[in-house]
Amino acid sequence: MKASVVQISANPGRVGAIVIGGEHPGLGVVRSLGRRGIPVCVIDDQHSVSQFSRYATRVVRVKNLRDEGRTVDNVMEVGQRYGLNGWVLFPTRDETVAAFSRHRDRLAEFFRVTTPGWDTVRWAWDKKNTYDRAAELGIPVPRTFNPRTEDDLADLYSRLPMALKPAVKENFFYATGAKAWRAETPDQLRDLFRRAIRQIAPEEILIQEIIPGDGQQQYSYCAFFRDGEALSSLVARRIRQHPREFGRAATYVETFASSDAPEVEELSLRFLKAINYYGLVEVEFKRDPRDGKFKLLDVNARTWGFHSIGGPAGVDFPYLQYADQMGEPVGRSVGKAGVGWLRLITDLPTAAADLLTGHTSLSAYFGSLRRTRVESVFSGHDLIPSIAEVLLLPYLVMKKYVSKSNPQPARPVARDSETRDSENIELPVSKTR
């Protein structure tokens with residue numbers, strides 16, 4: 001399938017953006033910038049919906065975006081081959097953030113790098129670091145343990161049920177397809193620990209208390225952060241997610257007034273200031289009904305899954321990042337409440353399950369549809385990605401949840417033209433600029 005021929009007003013000599021990862025978060029960046037005539041190059045290691053967007057100037061598929069060294073080599077090679085000097089980098093996956101952060105100096109010689117240095121990113125990349133730093137700052141976190149051997153689990157039996165989750169989520173997710181596992185009994189905890197230790201190092205295995213409640217107790221502080229303050233921000237709540245308890249991904253999200261939960265903003269700012277953060281960020285909390293406290297769960301140092309909610313809410317996050325990198329003035333804004341974001345392809349089964357189990361009602365469900373202002377992929381101005389998403393669904397499920405392929409060992413990118421052409425493939429994008 002090829003995108004249709006379209007004409008949009010992009011200046012071919014204008015500095016553009018490179019989006020690494022073309023799933024729906026990347027598509028949100030492509031559309032945000034492309035609508036303004038900013039050229040966008042998408043780099044991916046698989047087929048994705050962004051390659052079919054009318055706003056993608058160029059799409060290049062590479063073999064590897066999992067391995068840190070190969071990722072940086074591939075991005076540098078694509079940039080140099082197509083003359084993308086000074087373009088703005090937008091990573092959409094955690095492993096890409098880590099690669100860009102650790103190799104920031106090398107990348108910054110050619111690109112505008114939006115990812116902070118490792119001294120900052122390490123506090124978001126590894127959840128153990130995140131929780132340790134939060135505790136030092138007086139920010140509540142779920143009670144979390146880091147057993148190194150199976151014998152250490154005995155001390156936790158009285159605390160069950162608990163969740164087993166990774167400190168570095170990408171390593172675990174690519175190996176298992178899960179965000180966390182729930183253990184109800186000592187036997188289950190031992191069994192899950194054995195399974196986890198076959199996939200990740202013991203120091204990456206966290207055993208954490210389960211905060212009661214589903215996604216409706218989960219809040220996100222989303223911001224463009226610079227010089228110790230949030231220049232623009234919004235607060236959102238996961239109304240529906242899957243799975244319900246350990247949401248691997250949100251399916252319906254809605255903005256709400258930050259004044260209704262001021263602790264979310266205050267705690268987020270405290271953490272981001274302490275780690276000297278720069279750029280786009282989502283800080284996730286869950287409200288514990290047992291003590292009413294908001295407890296820090298995660299910090300995403302990149303564009304997050306539902307960042308495109310910002311546009312209709314009045315905070316266009318990708319463009320704010322791009323404008324700042326280009327030295328343009330960045331205005332201050334706060335997202336308005338009551339704006340919904342929907343991922344229809346996963347929300348339909350999620351909503352159906354919630355209706356069957358009584359977790360939602362028809363009136364609440366249809367109310368959420370009325371408040372929806374943006375869908376993760378569907379757009380009347382850019383239709384082909386939504387068609388492609390349906391056709392690509394079996395392929396994407398196999399890639400993400402079944403194959404669970406491991407990163408390949410790092411090796412230098414070949415420099416001769418014949419090998420390079422087999423390594424990096426420019427996909428046909430049938431359009432004119």
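Accessible areas were computed by the Shrake-Rupley method with a 1.4 Å probe, and for residues only the protein chains shown count as cover. On this basis the protein chain has an accessible surface of about 17,900 Å², of which 51% belongs to carbon and sulfur atoms. The structure is a predicted model, in which local features need pLDDT of at least 70 and side-chain atom pairs count only at pLDDT 80 or more, while totals for chains, interfaces and linings use all residues. Residues are numbered from 1 along each chain as its sequence is written, and side-chain values use heavy atoms, with hydrogens and water left out.

The protein chain contains 15 helices and 18 strands, where helices (H or I, at least four residues) and strands (E, at least two) are DSSP runs numbered from the N terminus. Of its 433 residues, 56% are buried; buried denotes under 20% relative accessible area, exposed over 50%, and partly exposed the range in between, with a 1.4 Å probe and protein chains only. Among contacts (heavy atoms within 4.5 Å) with a separation of 6 or more, 70% are between residues 24 or more positions apart.

Strand β1 (residues 17-20) is covered on both faces, with Ala 17 and Val 19 buried on one side and Ile 18 and Ile 20 buried on the other. In a regular strand the side chains alternate between the two faces of the sheet. Strands are taken as paired if DSSP finds at least two bridges between them, and β1 pairs with strand β2 (residues 40-44) in the parallel sense over four bridges, with Val 40 of β2 as the bridge partner of Ala 17.

In helix α5 (residues 118-125), the buried residues are Thr 120, Val 121, Trp 123, Ala 124 and Trp 125, and they pack against α3 (94-102), α6 (127-136), α9 (262-274) and β14 (294-300). Thr 115, in the loop between β5 (112-113) and α5, has 3% relative accessibility and therefore counts as buried. Leaving aside residues up to four places away in sequence, Thr 115 touches Pro 91, Val 97, Phe 100, Ser 101, Arg 104 and Val 121.

Rings of Phe, Tyr and Trp (its six-membered ring) were paired if their centres lie within 6.5 Å, with planes under 30 degrees apart counted as stacked, over 60 as edge-to-face and the rest as tilted. This rule gives ten aromatic pairs. The ring centres of Phe 172 and Trp 181 are 4.9 Å apart and their planes stand at 65°, so this pair is edge-to-face; both residues are buried. For Phe 306 and Trp 341 the centres are 6.1 Å apart and the planes at 55°, so the pair is tilted. Because Phe 306 lies in the loop between β14 and α10 (310-313) and Trp 341 in strand β16 (residues 340-342), this pair ties together parts that are 35 residues apart in sequence. Ring pairs link Trp 304, Phe 306, Phe 317 and Trp 341 into a cluster.

A charge is placed over a ring if NZ of Lys or CZ of Arg is within 6 Å of the ring centre and within 35 degrees of the ring normal. Arg 195 meets this condition over Trp 181, at 4.3 Å from the ring centre, and Arg 133 lies over the face of Trp 123, at 5.6 Å from the ring centre.
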